[in-house]
Amino acid sequence: MPQNTDDQQQRCEAAHLGDPSPCQGPRDAVTVLDRHGDSAAACVHHGIRLYASLIGPRVHPGSVPGAAITVHQRAQTTSAFAWLTEDGTQ
C-alpha cells in the first residue's frame, strides 16, 4: 500500500492523511494486508481503522504480542473510514 502520511516519523504507515488521530503505541504493532497482498505497518489504533476500511483484509503480528487479535476483533465493530464519523473507533 502506498504510504499515506506526510511525516512517517510521527505516524505509522497505516494512518490515513484524512485521519488526524495520533498513533497509539508502537508504529509496527501489526501489519495489515489488503486482498492484493499490499501491506502497511500499523499501530493498533490505525490498524483497526485500516482493517475496517478494506475488503478482504488480513492482519499479521508485529512487535506487540496479541495486537493482531485485538485489531481483528475491534475492527469488527468499527465503521469503515471511522475518522469521517462522529463516533470513530470504539
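Reader: Which residues in H1 meet which residues in H2?

Author: Contact means heavy atoms within 4.5 Å. Here Val44, Gly47, Ile48, Tyr51 and Ala52 in H1 meet Ala67, Thr70, Val71, His72, Arg74 and Ala75 in H2. These divide into seven nonpolar, three polar and one charged; Ala, Val, Leu, Ile, Met, Phe, Trp, Tyr, Cys and Pro count as nonpolar, Asp, Glu, Lys and Arg as charged, and the others, Gly among them, as polar. A quick caution: this is a predicted model, where local features need pLDDT of at least 70, side-chain atom pairs count only at pLDDT 80 or more, and totals for chains, interfaces and linings use all residues. Residues are numbered from 1 along each chain as its sequence is written, and side-chain values use heavy atoms, with hydrogens and water left out.

Reader: At what angle do H1 and H2 pack?

Author: Axes are lines fitted to C-alpha atoms, for helices over the stretch in contact, and angles run from 0 to 180 degrees between N-to-C directions. Helix H1 (residues 44-53) and helix H2 (residues 67-75) pack at about 45°, their axes 8 Å apart. That makes H1 oblique to H2 (under 35 degrees is roughly parallel, over 145 roughly antiparallel, 65 to 115 roughly perpendicular, the rest oblique).

Reader: How many aromatic pairs does a search of the whole structure find?

Author: Rings of Phe, Tyr and Trp (its six-membered ring) pair if their centres lie within 6.5 Å; planes under 30 degrees apart are stacked, over 60 edge-to-face, the rest tilted. The search finds one pair. Phe81 and Trp83 have ring centres 5.6 Å apart and planes at 80°, so they are edge-to-face.

Reader: Is Trp83 buried or exposed?

Author: Buried means under 20% relative accessible area, exposed over 50%, partly exposed in between (1.4 Å probe, protein chains only). Trp83, at 17%, is buried, while Phe81, at 39%, is partly exposed.

Conventions
Helices (H or I, at least four residues) and strands (E, at least two) are DSSP runs, numbered from the N terminus.
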